[in-house]
Amino acid sequence: SAGIERMAESGSTFTLASEFAAQGANTLSTFRPGGFGALGSESATFTADRYRPLVSVTSMIAPSPDWFVGVNSANLCSNDTWVSRLEHAAFPYDAGTDNGLAFDTFPDIDKNPRETIARITATSPKTTSFRKGSGSTVAMGIFVFELLN
């Protein structure tokens, strides 16, 4: 979507938030924390209910062509019970909107046609920035969801 492209390429979340808002009753809440730093953590509080127990989170990887980390539709309920803690590894994804192959790739060269969003893996052409010693792709962090009440 245009919202994912803007988030992945520039960090702007306004279009993405508008896309969620257009979903009407399917979206209970959206939030835009200040951004995740290279080190440390960021937190936000949001609301979920039994009709909308899924959570999605994205954050751009900067400075990159169109890479991001995210969680798509993580279910905060299991067997009709709220999960007290849920962890998701933050692996890098390619939004499929830019032809850049490395960090700080300029100028912006749009892909035409756009590709499907894909996890960057050890066999992806863009892995040199993300490879661990063994050649596997390393997670860039962890998304942690904790039940407050």
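The chain has two helices and eight strands, where helices (H or I, at least four residues) and strands (E, at least two) are DSSP runs numbered from the N terminus. Read along the sequence, the pattern is α-α-β-β-β-β-β-β-β-β. This is a predicted model, in which local features need pLDDT of at least 70, side-chain atom pairs count only at pLDDT 80 or more, and totals for chains, interfaces and linings use all residues. Residues are numbered from 1 along each chain as its sequence is written, and side-chain values use heavy atoms, with hydrogens and water left out.

Some totals next. The chain has 149 residues, and 28% of them are buried. Buried means under 20% relative accessible area, exposed means over 50%, and partly exposed is in between, with a 1.4 Å probe and protein chains only. The chain exposes about 9,400 Å², and carbon and sulfur atoms supply 52% of that area. Accessible areas come from the Shrake-Rupley method with a 1.4 Å probe; for residues, only the protein chains shown count as cover. A contact means heavy atoms within 4.5 Å. Of the contacts in the chain with a separation of 6 or more, 55% are between residues 24 or more positions apart.

Now the cores. A nonpolar core is a set of buried Ala, Val, Leu, Ile, Met, Phe, Trp, Tyr and Cys residues joined through side-chain atoms within 4.5 Å. As background, in soluble globular proteins nonpolar side chains tend to be buried together. Which residues have the most contacts inside the largest nonpolar core? They are Val 55, Phe 143 and Phe 145, in a core of 13 residues. Strands E1, E2 and E8 are the elements that give two or more residues to this core. E2 gives the most, with four residues. A second, separate core has six residues, among them Met 7, Ala 8, Leu 16 and Phe 68.

Phe 143 sits in strand E8, which covers residues 142-146. Phe 143 counts as buried because its relative accessibility is 9%. Its C-alpha lies 9.5 Å from that of Ser 41, although 102 residues separate Phe 143 and Ser 41 in sequence. For Phe 145, leaving aside neighbours within four places in sequence, the contacts include Phe 46, Val 55, Val 57, Val 71 and Leu 76. Arg 85 is also one of the contacts of Phe 145.

Arg 85 brings us to the salt bridges. A salt bridge is a side-chain nitrogen of Lys or Arg within 4 Å of a carboxyl oxygen of Asp or Glu. By this rule the count is six. In one of them, the side chains of Glu 146 and Arg 85 meet at 2.4 Å, N to O. Glu 146 is in strand E8 and Arg 85 is in strand E5 (residues 85-89), so this pair links distant parts of the chain, 61 residues apart. Arg 85 is partly exposed, with a relative accessible area of 41%. Arg 85, Glu 87 and Glu 146 are linked in a network of salt bridges.

Another salt bridge joins the side chains of Glu 5 and Arg 114, at 2.2 Å, N to O. This pair also links distant parts of the chain: Glu 5 is in helix H1 (residues 2-10), and Arg 114 is in the loop between strand E6 (92-94) and strand E7 (118-119), 109 residues away. Are these two residues buried or partly exposed? Glu 5 is buried, with a relative accessible area of 13%, while Arg 114 is partly exposed at 46%. Apart from neighbours within four places in sequence, Glu 5 is in contact with Thr 97, Asp 110 and Arg 114. Glu 5 and Met 60 are 55 residues apart in sequence and 9.8 Å apart in space, C-alpha to C-alpha.

A further salt bridge pairs Lys 111 with Glu 115, with the closest N and O atoms 2.9 Å apart. Lys 111 is buried at 11% relative accessibility, and Glu 115 is partly exposed at 47%.

Last, a loop residue. Ser 64 lies between strand E1 (54-60) and strand E2 (67-75). Its relative accessibility is 10%, so Ser 64 counts as buried. What does the side chain of Ser 64 reach at 3.2 Å? The answer is the backbone nitrogen of Trp 67. A polar atom of the Ser 64 side chain also lies 2.5 Å from the backbone oxygen of Ile 61. Both come under polar contacts, meaning pairs of N or O atoms within 3.5 Å; within protein, one must be able to donate a hydrogen and the other to accept it, and residues adjacent in sequence count only if both atoms are side-chain atoms. Beyond its neighbours within four places in sequence, Ser 64 is in contact with Ala 8, Glu 9 and Phe 103.
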